[in-house]
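This report looks at charged pairs in a predicted model. It then turns to one helix residue.

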Amino acid sequence: MARHADERVSGPRIQLPRRVVERPLRQVGKRLLMALGVLIVTVLIVYVDRDGYHDNADERLDFLDSVYYATVTLSTTGYGDIVPYSDSARLANILLVTPLRVLFLIILVGTTLEVLTERTREEFRLNRWRSTLRDHTVIVGFGTKGRSAIQTLCATGLRKDQIVIVDPSTKVIETANADGFVGVIGDATRSDVLLRAEVQRARQIVIATQRDDTAVLVTLTARQLNRGAKIVAAVREEENAPLLRQSGADAVITSASAAGRLLGLSVLSPSAGTVMEDLIQQGSGLDLVERPVTKSEVGKSVRETGDLVVSVLRGHRLLGYDDPAASPLQLTDRVITIVRAAPVTPLSMPPED
């Protein structure tokens with residue numbers, strides 16, 4: 001999971017999805033302009049009625065004195081060297097300058113209060129997320145493979161709030177946040193990073209890293225933290241698949257070999273290659289789906305079901321549709337069928353693997 005050095009962070013942290021309305025600098029700039037506007041209005045109010053004020057220094061107010069008085073008044077300093085003494089000046093202070101003073105303080109202090117409020121709100125969301133997260137799915141790596149895996153999981157009904165993405169790149173996690181997923185920034189080979197993703201309470205873990213050695217280390221760490229989770233890992237080289245299984249992976253997908261087999265099949269039969277690509281592309285055309293046997297299907301053969309059954313999962317045995325032992329179907333069986341798929345919404349495109 002090597003990334004550019006400038007994308008790495010000093011330590012792991014959780015980043016929840018958020019909707020950014022405006023850039024912080026733009027927000028601060030707007031507030032400074034508003035505060036400046038309040039100051040200008042106050043200066044004009046004082047300068048227009050300057051004859052109603054008394055200055056201890058030279059008794060009369062000029063424009064600079066008006067700016068000075070407006071500044072110390074809005075900041076609630078109030079040295080008392082310039083005071084309103086006429087009825088109109090005092091009335092203007094009561095009805096105009098005082099509300100402007102309150103507005104000025106709200107604008108300046110509001111930025112700090114908003115930061116503190118946002119931190120408190122974020123901490124509350126994070127604590128609530130930790131307390132409610134159970135039996136979720138951890139995706140290590142949000143590149144092409146990880147993104148495709150998430151798309152398939154979401155197409156089968158898995159909610160976005162039940163998916164946690166781990167990646168060392170801040171930009172990648174920001175992309176995942178934009179799609180509505182929780183992200184953990186950090187190196188997944190470290191146990192503290194996986195613990196932040198609550199991997200110890202996860203139901204399934206998908207490891208889609210760029211390097212095979214990284215996948216092995218992540219698998220070892222994840223299996224040590226969670227003995228019961230289903231771990232599926234992807235490797236580039238087929239010779240590394242046995243090592244992944246020894247490390248604790250329940251299933252290992254060899255991406256390079258799978259792509260090569262699909263290429264060879266497409267050369268021999270372009271139509272067969274198209275069908276296979278359609279089957280592995282979730283959400284369009286035909287999909288492979290695993291489901292439990294319904295009560296109405298118990299006792300029937302695989303050919304008597306409403307769906308096109310490819311295999312039957314009985315305990316830990318995977319039986320082909322033409323296996324005599326696959327029929328009749330039992331209530332505890334699960335069947336792998338080919339069904340017509342509903343389209344899914346594509347995810348955003350972070351940097352490629």
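Arg291 and Asp307 form a salt bridge, with their closest N and O atoms 3.1 Å apart. Arg291 sits in strand β10 and Asp307 in the loop between β10 and β11 (308–314), so the bridge ties together parts 16 residues apart in sequence. Arg291 counts as buried at 16% relative accessibility. Asp307, at 30%, is partly exposed.

Strand β10 (residues 286–292) also holds Glu290. Glu290 forms a salt bridge with Arg334. Arg334 belongs to strand β13 (residues 334–340), and the two residues are 44 apart. Glu290 is partly exposed at 41% relative accessibility, and Arg334 is partly exposed at 31%.

Next comes the bridge between Arg314 and Asp333. Arg314 lies in strand β11, Asp333 in the loop between β12 (317–320) and β13, and 19 residues separate them. Arg314 is buried, because its relative accessible area of 16% is under the 20% cut-off. Asp333 is buried too, at 1%.

| Salt bridge | Closest N and O atoms |
|---|---|
| Arg291 – Asp307 | 3.1 Å |
| Glu290 – Arg334 | 2.8 Å |
| Arg314 – Asp333 | 2.8 Å |

How many salt bridges does a search of the whole structure find? The count is 11. Salt bridges also link Arg130, Glu198 and Arg201 in a network.

Now the helix residue. Ser66 lies in helix α2 (residues 63–74). Is Ser66 buried or exposed? Ser66 is buried, with a relative accessible area of 0%. Beyond its neighbours within four places in sequence, Ser66 contacts Val43, Val46, Tyr47 and Leu61.

Methods. Residues numbered from 1 in each chain as written. Predicted model: local features only at pLDDT ≥ 70, side-chain atom pairs only at ≥ 80, totals over all residues. Heavy atoms only, no water. Helix = DSSP H or I, 4+ residues; strand = E, 2+ residues; numbered from the N terminus. Buried < 20%, exposed > 50% of the residue type's maximum accessible area, 1.4 Å probe, protein only. Contact = heavy atoms within 4.5 Å. Salt bridge = Lys/Arg side-chain N within 4 Å of Asp/Glu carboxyl O.
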